[in-house]
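The sequence and structure are shown first.

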Amino acid sequence: MASNGPLQSQAAPSSIPNLKDRLPKLEPRKRRAPPSNPTPVPATPALPEQLQDIPSWTFSVPSRRILSKRDHELFLASPAYSTIVGWVFGLAEAVVDTPCSAAAVDDAALSEPVRTLLRILDEVESLMKLSPPNEQGGSRFGNKAFRGFLDLVRARTDGWHSQLGLDNGNSPPTAAAEASAYLTESFGNRSRIDYGSGHELNFAIWLLCLYRLRVVQRADLPALVLRVFARYLEVMRAVQMLYYLEPAGSHGVWGLDDYQFLPFLLGAAQLLHHPYITPRAIHQDLTLEEAGRDYLYLGQVAFVNSTKTVKGLRWHSPMLDDISSARSWEKIDGGMRRMFVAEILGKLPVMQHFMFGSMVPAAEGMSEEEGDSEAAAGGHDGEEEGHEGHSHDGKGWDDCCGIKVPSSIAAAQEIKKMGGGDSLRRIPFD
């Protein structure tokens, strides 16, 4: 009987899975589609039209018209919304890749109206000497001498607009009366002694009024940003430092800065295609020092750094720190435009204080404010109420007129007065 041959190998049981077929297919990282922002960059509406027949135009003193959520919805769908977006975005597009030192906006190239605007801002700054701050006594809240400064500003608006060719007469309201309302509101709120994005927006709308009234022309747009708005920022920094203006809102609406927004939007356009300054440059002290006066974005970051009591953007301005990781200024430019329409124009707590006149008209069906519009805009009445002369009827819209917030600028200044020096505290685990 023949012996059995070698044992035949048996096939692997079918119950054991083939792991090779179950491993995910490797995909090169470069082939993956980049993540997309679901919110598109807002389109830029056409630049607002200039008035054609000014002598026959019916002007009106601006007043608050956004008194409810329905009013705000009407505004967002109105021509006034497109007018504001078109103007602000138009200013940004007028300064793409243009530093503040560009030859096109040097002293010799400025039009006479722009020169007059700069002289007006110089005079505004000089008025601070006529209303010196009261002794703070260590307080980090707004200084009441600020009200005297604003009263001086208001007393001079007629003369300033006369220099611009706008004579203010009696009733009916004139062009100067309408424009003045935006100018006086652009330096802060008299009753709360605070300042924020809404006041800054008023300055932009004042420039819009001057454009629609043909005081300044389209060719002046770069100078309005790089010279006039830049000078306004300098004046407001001096005002904030002297009077310890509180931020308008308990956490500064968008978290970029306690007080300003437009320097970041306009400044991103300036840097849009810069050959070597990248978004990460805001962490480089030398770049901020050398280029801060040329680019609004960098200049504002440098000012923010100078007013904080701790060192490092990631501690005192985390959103600015996060944004600096963007790959290009195009990304930041688009993000700032989204933020402007969503977090300023799109927020009721900010826009409920906005005023509408004839050049930026309210939409049909919006509420009308009752009582004295001067008090509603933060005038002399109700100084200690903290509600700027208006009532919310228990609605309590977010951070409108809520808890007063100490000024971060005041904190830094008071520490220096107490002998803290100019050095910034480091976080222990930094």
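## Overall architecture

The protein contains 17 helices and 4 strands; helices (H or I, at least four residues) and strands (E, at least two) are DSSP runs numbered from the N terminus. The model is predicted, so local features need pLDDT of at least 70 and side-chain atom pairs count only at pLDDT 80 or more, while totals for chains, interfaces and linings use all residues. Residues are numbered from 1 along each chain as its sequence is written, and side-chain values use heavy atoms, with hydrogens and water left out.

Of the 430 residues, 50% are buried, that is, under 20% relative accessible area (1.4 Å probe, protein chains only). Among contacts (heavy atoms within 4.5 Å) with a separation of 6 or more, 80% join residues 24 or more positions apart.

## Nonpolar core

The largest nonpolar core comprises 113 residues. Such a core is a set of buried Ala, Val, Leu, Ile, Met, Phe, Trp, Tyr and Cys residues joined through side-chain atoms within 4.5 Å. F75, I84, F149, W206, Y297, F340 and L345 have the most contacts inside this core. Helix α8 (residues 221-243) gives the most to the core, with 14 residues.

Beyond its neighbours within four places in sequence, F149 is in contact with V124, L127, M128, S131, F187, V239 and Y243.

## A buried loop proline

P62 lies in the loop between α1 (19-22) and β1 (63-64). The relative accessible area of P62 is 2%, so P62 is buried. P62 and A179 are 117 residues apart in sequence, and their C-alpha atoms are 8.5 Å apart in space.
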